[in-house]
Amino acid sequence: MNQPPPQQQGRQQQAPGRAVARAPQGSMAQPGSGEQLFAGIARHSARLGGYLKWAGISVVGGAVAIGINMLDLGVPGWALGLLWLIGLPGLLWTYLTHISTKYKVTHRRVETEHGVLAKKVESLELWRVLDVEYSQSLVDRIFKNGRIKLISTDQSNPELVLHGLPNHRQLFEELRDAVQAARQTNRPMELAPGSDLGDFQDGGGEVL
């Protein structure tokens, strides 16, 4: 007995009259390039505000210590010395937070690792990015820093800001091009009329 071709058998097994969602041409995710654009930490000048805040607290603590010493209130010298160091824990924590925040930028995604005691890694796929913005404040221009903002459809982190990365202007341009390429090669699936989300199939009739 002659057997029908495999493609015809697949059509016979589908429920009659039911629309099936198929991936349009070019909609499947492409491998893309994993070429690394940047890996490391931001420049310390990007944390200038935090460093200045805690340094200022130490200066205020020192001024209070001098005032107490001039009033001769009988406060031990070691206690007055601690006032000079009151901002040191904050400075140390700012430094540790900065060096523990690491970035890895490729043509496919941006990964952010942060956490001093516990580590957390977040990943943003570039095909989810809707827009890439670049800006510089007056302070950024003085210290040769820049901000790259990635606006995406990621619900957990819709806006990712990369501040103080080296070669920021060149990185912005490379990211902009990488986002365009990623969105062209990773277009969303299209649903056929009358189908539901459970009906995704590839071109050979197999359920994805």
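1. In this note, a residue is called buried under 20% relative accessible area, exposed over 50%, and partly exposed in between. The model under review is predicted. The points below treat charged pairs, a strand pairing, backbone angles and the nonpolar core.

2. Glutamate 125 has a relative accessible area of 23% and is therefore partly exposed. Its partner is arginine 109: the two form a salt bridge, with the closest N and O atoms 2.9 Å apart. Arginine 109 belongs to strand S4 (residues 109–114) and glutamate 125 to strand S5 (residues 120–125), so the pair ties together parts that are 16 residues apart in sequence. Arginine 109 is likewise partly exposed, its relative accessible area being 22%.

3. S4 and S5 run antiparallel and are joined by 6 bridges. Within the pairing, glutamate 111 stands opposite serine 123 of S5. The hairpin of S4 and S5 has 5 residues between the strands, and in this hairpin glycine 115 adopts a positive phi near 125°.

4. How many salt bridges does a search of the whole structure find? The search finds 7. Side chains of opposite charge can pair when their charged atoms come close.

5. One of the salt bridges links arginine 147 with aspartate 140, at 3.8 Å between the closest N and O atoms. Aspartate 140 is buried, with 5% relative accessibility, whereas arginine 147 is partly exposed at 36%.

6. Another salt bridge brings together the side chains of arginine 169 and glutamate 173, at 3.7 Å from N to O. Both residues lie in helix H6 (residues 168–185); they are 4 residues apart, about one turn of the helix. Arginine 169 counts as partly exposed at 45% relative accessibility, and glutamate 173 counts as partly exposed at 33%.

7. Most residues other than glycine have a negative phi. Aspartate 72, although not a glycine, has a positive phi of about 55°. Aspartate 72 is located in the loop between helix H2 (48–71) and helix H3 (77–84), and its relative accessibility of 65% makes it exposed.

8. With 60% relative accessibility, lysine 144 is exposed.

9. In soluble globular proteins, nonpolar side chains tend to be buried together. Here the largest nonpolar core has 21 residues, and Leu150, Leu162 and Leu175 touch the most other members. At least two residues of this core come from each of strand S2 (36–40), strand S3 (102–106), strand S6 (129–135), S7, strand S8 (159–163) and H6. Which element gives the most to this core? H6 does, with 6 residues.

10. Leaving aside residues up to four places away in sequence, leucine 175 touches Val105, Val110, Leu126, Ile148, Leu150 and Leu162. Of these neighbours, Leu150 and Leu162 are named together with Leu175 as the core residues that touch the most other members.

Methods: Residues are numbered from 1 along each chain as its sequence is written. This is a predicted model: local features need pLDDT of at least 70, side-chain atom pairs count only at pLDDT 80 or more; totals for chains, interfaces and linings use all residues. Side-chain values use heavy atoms; hydrogens and water are left out. A salt bridge is a side-chain nitrogen of Lys or Arg within 4 Å of a carboxyl oxygen of Asp or Glu. Buried means under 20% relative accessible area, exposed over 50%, partly exposed in between (1.4 Å probe, protein chains only). Two strands pair if DSSP finds at least two bridges between them. A nonpolar core is a set of buried Ala, Val, Leu, Ile, Met, Phe, Trp, Tyr and Cys residues joined through side-chain atoms within 4.5 Å. Contact means heavy atoms within 4.5 Å.
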